[in-house]
Amino acid sequence: MNFIFDNPVRVLFGAGQLNNLHKQALPGKKALIVTSNGTSVKKYGYLARTQKELELAGVEHALFDEIRPNPTRENVMDGAKAAKDNGCDFIVALGGGSVMDCAKCIALMVANEGDIWDYSFSACGGKKTPAKDAVPVVCITTSAGTGSEVDIASVISNDATNEKTGIFFPSMMPKLAIVDAELMLSVPPAYTAYQGMDAFFHASESVINKNEHPMGEMFALKTIELIAKNLPVAYKDGNNIAARENMALANTLAGYYMLCTSAHTMEHVMGSYHPDLVHGAGLIMIAHAYYDFFASRKAAELQMIKMAKAMGVENAASGKDFVAALDKLLTDIGCADLKMSEAGITKDELALYPKRVHEVLGGDITADPLPLSDEDYLEIYQKAYK
């Protein structure tokens with residue numbers, strides 16, 4: 001019953017809310033619009049609409065469209081240079097979790113000296129505290145997955161050190177977020193599934209987290225309920241605006257109080273070695289083995305029963321019922337047969353992973369229902385491997 005809840009982000013939620021961006025009190029005079037190195041925000045008109053909204057608000061803008069799916073320290077530093085070179089005093093992130101994460105770190109490095117890895121708490125990071133606050137960030141999310149639009153966290157990769165790690169400071173919290181399901185209609189089925197399950201695991205890890213409390217559980221269980229009902233619908237019919245909107249809501253609710261466990265850290269290790277691995281897909285690959293590890297040991301029975309009931313299992317009586325419901329959900333969204341091997345992961349390299357769990361940041365590895373040893377991590381990886 002001892003917790004702090006502090007979320008100052010102004011959220012405009014609902015279909016069509018992008019059209020209201022120009023009516024907001026924007027936090028600067030010139031924005032660096034940060035987008036991915038893909039084509040979707042341009043192809044579907046989201047970039048042009050955002051530019052028009054900024055112009056209606058009397059705000060100048062420049063564009064940085066180089067963010068890769070797993071953003072890197074180079075992405076961050078290049079973006080910060082672009083912001084400085086163009087005289088931008090705030091950042092507008094237009095995209096999914098990768099874009100929003102990178103944008104928050106760009107905002108930090110616009111204001112501070114050195115390299116973003118100077119401020120990383122990973123094994124090879126500088127572990128410094130920034131001297132100055134990040135410049136303001138506005139997030140316009142085009143996916144329902146990370147909840148990055150309402151939290152301080154970012155996940156950045158350093159290819160030189162094979163690290164994929166969390167970087168987070170209070171000033172990186174966005175000032176304004178737009179969660180508009182119309183911007184999510186173009187997400188293809190596979191990515192709808194991967195992103196939706198990322199949000200699901202934010203919630204499920206929070207529920208089994210030994211530090212869970214009523215506020216976090218409230219957001220998490222509602223998230224799980226919404227995703228179980230709506231992700232299969234959005235996966236099969238991407239134009240179903242009601243399902244998309246419920247997924248967008250689940251995504252943001254999960255972001256409000258995210259208490260991740262070692263599952264996120266385990267995936268960050270996988271992504272450290274395989275930078276093209278989609279984060280949500282990596283989480284899915286280890287999900288059955290991870291949750292079954294705790295269910296088999298009856299380590300989180302009450303919490304898993306709560307999650308099973310949120311997923312519609314009325315007579316849930318054990319953790320195994322949650323695992324079965326999870327397996328069914330993954331089958332319904334075409335993800336039951338995702339294979340590590342198809343992502344380039346070899347069985348031999350799994351032996352390298354447990355040590356790295358202690359070196360990258362993802363979730364809180366001390367908050368699992370049972371403390372996991374390196375042998376336990378390896379067992380989960382090996383059971384998940386196919």
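Asn 162 is partly exposed, its relative accessible area being 32% (buried means under 20% relative accessible area, exposed over 50%, and partly exposed in between, with a 1.4 Å probe and protein chains only). Asn 162 sits in the loop between β6 (153-158) and β7 (163-168), where helices (H or I, at least four residues) and strands (E, at least two) are DSSP runs numbered from the N terminus. The model is a predicted one, so to speak of local features takes a pLDDT of at least 70, while side-chain atom pairs count only at pLDDT 80 or more and totals for chains, interfaces and linings use all residues. Residues are numbered from 1 along each chain as its sequence is written, and side-chain values use heavy atoms, with hydrogens and water left out.

Back to the backbone. Most residues other than glycine have a negative phi. Lys 298 is exposed, at a relative accessible area of 59%.

Now for the strands. Strand β2 (residues 30-36) has six of its seven residues buried, so the rest of the structure largely encloses it.

Ser 204, in helix α5 (residues 189-208), counts as buried at 0% relative accessibility. Leaving aside neighbours within four places in sequence, Ser 204 is in contact (heavy atoms within 4.5 Å) with Ile 224, Tyr 291, Met 307 and Phe 322. Ile 305 belongs to helix α10 and is buried too, with a relative accessible area of 15%. With neighbours within four places again set aside, Ile 305 touches Ala 316, Ala 317 and Ser 318. Ile 305 and Ala 317 are twelve residues apart in sequence, and their C-alpha atoms are 6.1 Å apart in space.

Zooming out, the chain holds 13 helices and eight strands. Its radius of gyration is 20 Å, close to the 21 Å from the globule rule for 386 residues, so the chain is as compact as a globular protein of that length. That radius is taken over C-alpha atoms, and the rule is 2.2 Å times the number of residues to the power 0.38. Along the principal axes, the C-alpha atoms fill a box of roughly 60 × 45 × 45 Å. Of the 386 residues, 58% count as buried. Among contacts between residues at least 6 apart in sequence, 79% join residues at least 24 apart.

As for the surface, the accessible area of the chain comes to about 15,100 Å², with 52% of it belonging to carbon and sulfur atoms; the areas come from the Shrake-Rupley method with a 1.4 Å probe, and for residues only the protein chains shown count as cover. The chain carries 35 positive and 47 negative side chains, and the centres of the two sets lie 2 Å apart. Lys and Arg count as positive and Asp and Glu as negative, leaving out His and the chain ends, and each charge is placed at NZ of Lys, CZ of Arg, CG of Asp or CD of Glu.
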